Amino acid sequence: MDAANYLYLSALLFTIGAVGVVVRRNAIVVFMCVELMLNAANLAFVTFSRINGDLNGQVVAFFTMVVAACEVVVGLAIIVTIYRSRRSASVDDASLLKR
Amino acid sequence: MVDLAISVGQTQTPEALLFWVLAPLTVAAALGMLLVKKAVHSAILMASVMINLAIFYIAQDALFLGIVQIVVYTGAVMMLFLFILMLVGVDSSDSLTETIPGLRPIAITAALGFGGLMMSLISRATLGRNAIGLDAANSLGNVEGIAQLLFSRYVWPFEVVSALLITAALGAMVLAHHQSIQVRPTQRQLSTQRFRGESLANAAGLPAPGVFARHNAVDVPALLPDGTPAANSINATLQARGDMLPSGTFELGKVDTSKGEEK
C-alpha cells in the first residue's frame, strides 16, 4: 500500500462533504459537512507531511483545527440566534433577501 | 508517471490492513451522514468519522494531531453540536424533499466530476520524490518536533490564532446573549398586583388545572361551577402552543360509561 491512498480517501471525504453542504438543509448538518471537508483537508496535510518528511504539514493541520473550532463556535451561535428569531434551523427558511 | 506515484511511501502490511479496514468504514459513515434523516444520527456518524481520522493520523506518525483530533473534535466540537441539537430540538429532522428543483442531480453530477478530477490528479501526480517518512523529523519525538516549529517559525501565526480564538469566544457570547425585554417583577410586586388590581378574582391564586376526580393533567383546563372550562388554569405557554385538551369530555355527565372502567 502506498501513502497516496490516504490522499484518495481525503479527496473522497472532501467530495462527500461538499455534496452534503449543497444537498442537506438542516443548518447543523450543513455545518457537520463543512467540518468533514476541513478534516479531509487535514488528512491530506498529514499525508503530505509524511511523504515530504517534514513536520510543517502537521503544524498547518493543527492551525486548521484551531480555526475549525472557532468556526464551529461562532457558526453554532449564529444558528441558535436564527433559531430563536425564526423557530427553524433550515437554511432554506432564511431567505428574506429574496422578497 | 503512475509507477512513480506508487513508489511513493510504501507502507508496512499492518498499516495496509488498518487502512483497508477503516477507510471503507470511514467512507460509509460519511455517506451515511449525508443520507440519514435525523440530525442526531448524522452527529453520531460524524463522531465515528472523526475517530477513524484520528487513527489514521496516529498511523501516519502524527501522534500529537491524533490525540488533539480526539480531544478537540470528538470531545469538544461534537459535544457542542449535540448541545445545540438539544437546544434547537432533537427531532428537527430534514424533510428530504427538494425545494430547488433539480438540485440533487446537479450536485451529484458536480461531485462525481470534482471527485474524478481529484482522483485522476492524485494518480497522475509524481508527488516529487520517494517518500521520506517522519522518522528523521520525529527523532526528538513528535510533540517536541511540532513544538520547535510552532514556537520558532510559526510563532506569529500562533499568536494570531490565539487572538482569533478569543474573538470567536467573545463573538459567541455576544451572539448567544439574550437581552430580556422587560424587567422581571419581584414576588412583592406580584403580590401587590394581585390585591391592588382591578378585581380580587385571582387574589387567592390562579385555579389549578384538571377536572376534579376525572383527569388531572396540566393540559386539561379546570371546569368552572357553570361547566365552562377555565382557560386561566392552563400555563400560558401551553395555551400559545395549542397543547390544550378540551375539558368537556371529562365532565361527569358526558363520559361514555358503556365501555366500563377507564384504563
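Predicted model: local features only at pLDDT ≥ 70, side-chain atom pairs only at ≥ 80, totals over all residues.
Reader: Let's start with the interface. How many residues of chain A are in contact with chain B?
Author: 60 residues of chain A, and they are in contact with 74 residues of chain B.

Reader: Which helices of chain A are on that side?
Author: Helix 1 (4–23), helix 2 (27–52) and helix 3 each supply at least two residues of the side of chain A that touches chain B. Helix 3 of chain A has the largest share, 21 residues.

Reader: And what's the split into nonpolar, polar and charged there?
Author: On the side of chain A that touches chain B, 42 are nonpolar, 11 polar and seven charged.

Reader: OK, switching to the core. Which residues touch the most other members of the largest nonpolar core?
Author: A:Ile28, A:Met32, A:Leu36 and B:Met46, in a core of 68 residues. Helix 2 of chain A gives the most to this core, with 15 residues. Chain B takes part too: its helix 2 (13–35), helix 3 (39–59), helix 4 and helix 7 (155–176) each supply at least two residues.

Reader: What is A:Met32 in contact with, leaving aside its neighbours within four places in sequence?
Author: B:Met33, B:Ser42, B:Ala43, B:Met46 and B:Phe81.

Reader: How do helix 2 of chain A and helix 3 of chain B cross?
Author: Their axes come within 11 Å and cross at roughly 10°. Angles under 35 degrees count as roughly parallel, so helix 2 of chain A is roughly parallel to helix 3 of chain B.

Reader: Which residues make that contact?
Author: From helix 2 of chain A, the residues include A:Ile28, A:Met32, A:Leu36 and A:Leu43. From helix 3 of chain B, B:Ser42, B:Ala43, B:Met46 and B:Phe56 are among them. By class, the contact has 14 nonpolar, two polar and one charged residues.

Reader: New topic: helix 6 of chain B. Which of its residues are buried?
Author: In helix 6 (residues 142–150) of chain B, B:Asn142, B:Gly145 and B:Ile146 are buried. They cover an arc of only 95° around the axis, so they sit on the same side of the helix.

Reader: What covers the buried residues of helix 6 of chain B?
Author: The cover includes helix 3 (56–86) of chain A together with helix 4 (63–88) of chain B.

Note on methods. Residues numbered from 1 in each chain as written. Chains lettered and ligands numbered in written order. Buried ≥ 20, exposed ≤ 12 C-beta atoms within 10 Å, placed from the backbone. Helix = DSSP H or I, 4+ residues; strand = E, 2+ residues; numbered from the N terminus. Arc of directions from axis to C-beta. Contact = placed C-beta atoms within 7 Å. Nonpolar A, V, L, I, M, F, W, Y, C, P; charged D, E, K, R; others polar. Core = buried A, V, L, I, M, F, W, Y, C linked by C-beta atoms within 7 Å. Axes fitted to C-alpha atoms, helices over the stretch in contact; angles between N-to-C directions. Parallel < 35°, antiparallel > 145°, perpendicular 65-115°, else oblique.
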